[in-house]
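Subject: Structure for you to look at

Dear colleague,

I am handing over the structure we spoke of, with the sequence alongside. Please open both before reading on.

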Amino acid sequence: MTEDLARARLHKLAGFFANNPSIQHATPSSPKFAELRAAYVSLPDLNPLVIARPSTVEAAASMVSFVVANDIPFTIRSGGHDSFGRFIRNGAVAVDMRLINYVEIDQESSTARIGGGILGGDFGTVSSVGYAGWAMYGGYGPYSSKFGLGVDQILAAKVINAQGELVDADTELLKALRGAGGAFGVVAELTIPVHRLAQTLAGAIAFQSDDLPAVIRQYNTGYQALCAEGIPAELTLQQSVLNLPHGKTLVVLFVWASSDIKTGQLWAEKISALAPVAHNAVQSTTPLTYLTCTDRMVPSHTRGRVRTISLKRLSEEVLDVISTSVLKMPTDPHTFFAMHEIRTGTPSAQGHSDSVFAVREGLFVFEIIANAQREENLDLATAWGQEFWSELSRTNQESFLPSTYLSLTAPKEVQMSRIFGENFAWLVVMRGKHDPRGVFAAATARL
Ligand SMILES: Cc1cc2nc3c(=O)[nH]c(=O)nc-3n(C[C@H](O)[C@H](O)[C@H](O)COP(=O)(O)OP(=O)(O)OC[C@H]3O[C@@H](n4cnc5c(N)ncnc54)[C@H](O)[C@@H]3O)c2cc1C
């Protein structure tokens, strides 16, 4: 963009903000710009023209309508947790949705209407991840096995369309939003179900990891045997290998989503019997307290990138690669490995014809977090992430799913036709119908 064009756009925007004083905004010279621009991953080279902060859905619609009418490129930002910066662009207006963070619960229908910019901390997953950004593209969470993925929580939506109009999403638009999200509009409001869970049994189990390859194998052999016998949907487990102060450790997050705490305790015993335990923090708690605890494990800010791969099963060969790779993992506290799982038989593992989120069978989503707290560790973390991913890619292709988790896949590596599978052709037609000018071209889902 030329300086003249930038100046002309800024001039138009200044007029718009003068007429809409309720919409807060910051330009690169504003004192708050750096704070507002900051995101989970450091992205020093990306600088929006303006950060606009509407506080109501109507104000967000006016903002979008103005930039669309004036051919000014824009991006949408909520939690800013996209590792690849798909929420800001140089020279574009960043519409920061975070002030639209209301929650209105309807007791009778057990549903809630939530603002499109609400974060997990306002509401309930990782505190700084945006709910809409998380849910629209999949949304693995601590209660996924019991209640389903985030994408399956979207009951209704108010969307700002490509003309800048605020509309209620119809059946067709809802289907597209459930998986391909921002390519079809700005989510101003979502209606989601309310799951009542006053008490839960949750916490981290750290296994003795002096011999990390052995403990990973022992845990997974036992876990697979438990899966074959059948694990209740109430139980969600997440494996990870973390750099703890005393060394690399296999940590399993245990969440029991039922008030039947006695049965949960039996399952906590079964899981902690899979390998020798160093520390077991599973306890009766509330979902909110548990979230506060897991939050402490997530840094607010880091540098680096994530790599992902989705596998149908953890074969011996894959377990060997995991074991070798985590031994080589740099010791920076922000570098780690984790996996999400959709277990066969749980709600989101079944076909959902009202959604384009394609991968529904039992699967493991690997998160190779090649991040570094310290700048000097970044090259090492990047090389480790690349090597781990390459080694996994060389294992037997029969275990692989064609699709990867969109939110964690780099724009350069993403293959949308594989991500959306048989829904891809339909999505391309829908995009042509709903956004013929491509005003949502910056969305994570590019069609
Ligand atoms: C520390 C961390 C933990 C994570 N944990 C998990 C996890 O447990 N499970 C999981 O499934 N994923 C997880 N993720 C991935 C995360 O869910 C996605 O990256 C998600 O898209 C982030 O949403 P956001 O609003 O925070 O980010 P942003 O970067 O603000 O937005 C991400 C994308 O969504 C779009 N978007 C955001 N809000 C709207 C809106 N209202 N309307 C239209 N488009 C919008 C943005 O334009 C952008 O393309 C994690 C990521 C990080 C960094």
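Below are notes on the domains, the cavities and a few individual residues.

Please keep in mind throughout that this is a predicted model.

Domains

The chain is divided into domain 1 (3-96), domain 2 (103-196) and domain 3 (200-408). The centres of domain 1 and domain 3, taken over C-alpha atoms, are separated by 36 Å, and between these two domains 8 residues of domain 1 are in contact with 13 residues of domain 3.

Cavities

The search gave 4 cavities of 30 Å³ or more, and the largest cavity holds about 110 Å³ of space. Its lining consists of 16 residues, of which F357, V359, S403, T404 and Y405 are the closest to the centre. Strand 17 (363-372) and helix 13 (416-420) are the elements that give two or more residues to this lining. By class, the lining of the largest cavity has 12 nonpolar and 4 polar residues, with no charged residues, and at least three residues come from each of domain 2 (103-196) and domain 3 (200-408).

The lining of the second largest cavity divides into 5 nonpolar, 3 polar and 1 charged residues.

Two buried loop residues

D82 lies in the loop between strand 3 (74-77) and strand 4 (93-96), and this residue counts as buried because its relative accessible area is 14%, under the cut-off of 20%. A polar atom of the D82 side chain lies 3.0 Å from the backbone nitrogen of F84, and a polar atom of that side chain also lies 3.1 Å from the backbone nitrogen of G85. If neighbours within four places in sequence are left aside, D82 is in contact with F87, S407 and T444.

V129 is found in the loop between helix 4 (120-123) and helix 5 (131-136), and V129 is likewise buried, with a relative accessible area of 18%. Not counting residues up to four places away in sequence, V129 touches G79, H81, L119, G120 and W134. As a further reference for its position, V129 and N20 are 109 residues apart in sequence and 28 Å apart in space, C-alpha to C-alpha.

Two residues with positive phi

D71, although it is not a glycine, has a positive phi of about 55 degrees; D71 is found in the loop between helix 3 (57-69) and strand 3. With a relative accessible area of 52%, D71 is exposed, because the cut-off for that class is over 50%.

S110, also a residue other than glycine, has a positive phi, near 50 degrees, and S110 is placed in the loop between strand 5 (103-106) and strand 6 (111-115).

With best wishes

Terms used
Residues numbered from 1 in each chain as written. Predicted model: local features only at pLDDT ≥ 70, side-chain atom pairs only at ≥ 80, totals over all residues. Heavy atoms only, no water. Helix = DSSP H or I, 4+ residues; strand = E, 2+ residues; numbered from the N terminus. Buried < 20%, exposed > 50% of the residue type's maximum accessible area, 1.4 Å probe, protein only. Polar contact = N/O pair within 3.5 Å; in protein donor to acceptor, adjacent residues only side chain to side chain. Contact = heavy atoms within 4.5 Å. 1 Å grid on protein atoms, 1.4 Å probe; cavity = no way out; pocket = protein on both sides within 12 Å on 5 of 7 lines; lining within 4 Å. Points joined across faces, edges and corners; volume = space filled by probe spheres on them. Nonpolar A, V, L, I, M, F, W, Y, C, P; charged D, E, K, R; others polar. Domains from an automatic or database assignment.
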